[in-house]
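Hello,

Here is the structure we talked about handing over. My notes on it follow below.

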Amino acid sequence: MNRTSLVLALSVLTLAGSAVASANFTGYYDHANWTFEQLAGGDGHVVSADADTLVLLGDESDTGGDDYYWINAEADGNFSFDWLYNCDDDPGFDGGYYVVDSLGNFTLLSDTDGDSGHVDVAVTAGQLIGFNVYSFDGFFGGPMLTITNFSAPVNSVPEPATMAVLGLGLAAVARRRNRK
């Protein structure tokens, strides 16, 4: 195989294995593929989940608890989202978090009603990503975490037209080589 053929073949392989970002909760990241888990007595639930939004409500009982919503990243890339935290309890009792790596590795987004922001963090394929709402006691209602503009890495499969053009180019190079 000459250098040109090798370059074309490597280009096809590179395109076939590249990662791009999913722009919402669809495909691999469809809500049906996520796990909702209640830990430490949590009784929270998913209030709403569609292609554009996720709303998690934390524990409202008097025992408190942790409620997680997670999935493993499909590919290497960035996990990003906008968030809004709401809670009637005083700061420090409840909180909204995002999770990377394991359910024990969470990062506080906020424990203060009305806070919002944006997160963008690098993740690797297979790494756990997700969200957590924690309620200390639930006396003043559960914490609510709203996620929008979700994006996470997915494996990219080149469009058939791209693969056809690359395949024709590789065939032309091989044909030209065989004529010599």
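**What was found**

His 45 touches Phe 36, Val 55, Leu 56 and Leu 57, leaving aside residues up to four places away in sequence. This is a predicted model. His 45 belongs to strand S3, which covers residues 45-49. The C-alpha atoms of His 45 and Leu 56 are 6.0 Å apart, although 11 residues separate them along the chain.

As for the protein in general, it has two helices and 11 strands. The order from the N terminus is α-β-β-β-β-β-β-β-β-β-β-β-α. The protein has 180 residues, and 40% of them count as buried. Of the contacts between residues at least 6 apart in sequence, 77% join residues at least 24 apart. The accessible surface is about 9,300 Å², and carbon and sulfur atoms account for 55% of it.

The largest nonpolar core holds 26 residues; Tyr 29, Phe 79, Phe 81, Phe 131, Ile 147 and Phe 150 touch the most other members. Strands S4, S5, S6, S7, S9, S10 and S11 each supply at least two residues of this core. S11 gives the largest share, five residues. Another core, of five residues, lies apart from this one and includes Tyr 68, Trp 70, Val 99 and Leu 103.

Phe 150 has contacts with, among others, Tyr 29, Trp 34, Phe 79, Phe 81 and Phe 131, again not counting residues up to four places away in sequence.

Regards

Definitions and conventions:
Residues numbered from 1 in each chain as written. Predicted model: local features only at pLDDT ≥ 70, side-chain atom pairs only at ≥ 80, totals over all residues. Heavy atoms only, no water. Helix = DSSP H or I, 4+ residues; strand = E, 2+ residues; numbered from the N terminus. Contact = heavy atoms within 4.5 Å. Buried < 20%, exposed > 50% of the residue type's maximum accessible area, 1.4 Å probe, protein only. Areas by Shrake-Rupley, 256 points an atom, 1.4 Å probe, with all protein chains shown as cover. Core = buried A, V, L, I, M, F, W, Y, C linked by side-chain atoms within 4.5 Å.
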